[in-house]
Amino acid sequence: SAKVRALCAVAQATAQMGDASKAADLLKQALEDAARLDDDLNRRHSLEEVSAITTQLGDAAKQAALLKQVLEVAAPLDAPIWSVVKATVEMGDASKTSELLKQAFEAAARIDEASAKDEALLVVVVQATAQLASASKNTDLLKQALEAAARIDEASAKVLALCAVAQATAQMGDASKAAELLKQALKSVAQIDEGFDRANAQMAVAEATAQLASATKNTDLLNQAREVAAWIGEALAKGEALLAVAQATAQMGDASKAAELLKQAAEAAIRIGDSYRKAEMLTAVAQAEAKLGYWRQARYHAGENTTEDGKARALIAILHIWHEVDPEDAKSTSSTVKSVLVPLAW
């Protein structure tokens, strides 16, 4: 509602000015108004907004207390659980988030409609494992995430959940267990019909496998990630997967192979129908090529954008890398690299 949005805006400004107590009071008012809304969609959006602003309070105790209240209001609904868990994880304090995550698991389990339950559980798994990976190293929460993934029946959701748990497991030092989870995820991919869900699941497996390969310097895993990426038909998912495999390949020391994979990623990007998504992908590819020192290839793929705005954004990304590599040369008017890049701006 308009009142909830206004209260959230004032609370955000108040928190930025250093008054966490006043900001928390304003968010409590917003939460009370959100809870009284009759329309489920409006209530969901309002709760999401409250939870998002709560992360900006700057007071972990107040954040935890308020998020707990948001979760209680959100419990009968599916969508707000996602934003509450995301906000919980962003707090970065395992001692204060573990109980909230437990409540989120329980709230997700109460959802009757099967696909909504799968989605809600999946988001909880993803956020919980991200928490584990980034800060807490909490094996109990990791076990909880794995148990939640096991409860998911729908194949595409299960794949994404297993990949998230695998990534967290690897970051906690158990590469062999992570590889086993990725094998399970790959088996689940076979159960998904051709289409977007299958492509998205394949992309998740390829990305997670590539990251594990890079972390463990395992060429067999890298080859597996490359094979999975090759199976993907959908353009955006294929481009994302190939980009991840290329980055892992570069990190393992094979720049020429990485550059070849980036060419394939660009070929996939060119097939993307949405011009904004295409520009994002081509920019990421060009940036990765610039990091490898393949300036001409980066310039060429930046130019493959179908809009001037896309070309400009890709050029800026390349120039950022150039400045990181050699700040003085980036300022020079007589650089060889500049002679390659500048024509793109015209």
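Q: Where does Thr169 lie, and is Thr169 buried or exposed?

A: Helices here are DSSP runs of H or I with at least four residues, numbered from the N terminus, and Thr169 lies in helix 9 (residues 155-171). Buried means under 20% relative accessible area and exposed over 50%, with a 1.4 Å probe and protein chains only; at 5% relative accessibility, Thr169 therefore counts as buried. This is a predicted model, in which local features need pLDDT of at least 70 and side-chain atom pairs count only at pLDDT 80 or more, while totals for chains, interfaces and linings use all residues. Residues are numbered from 1 along each chain as its sequence is written, and side-chain values use heavy atoms, with hydrogens and water left out.

Q: Which residues is Thr169 in contact with, leaving aside its neighbours within four places in sequence?

A: Contact means heavy atoms within 4.5 Å, and with those neighbours left aside, Thr169 is in contact with Leu142, Asp174, Lys177, Ala178 and Leu181.

Q: Which residues of helix 17 are buried, and why do they fall on the same side?

A: An α-helix has 3.6 residues a turn, so residues three or four places apart point the same way. In helix 17 the buried residues are Gly310, Ala314, Leu315, Ala317, Ile318, Ile321 and Trp322. They cover an arc of only 155 degrees around the axis, which puts them on the same side of helix 17; the arc is taken from the directions from the helix axis to the C-beta atoms. On the other side of helix 17, Glu308, His320 and Glu324 are exposed.

Note on methods: Helix = DSSP H or I, 4+ residues; strand = E, 2+ residues; numbered from the N terminus.
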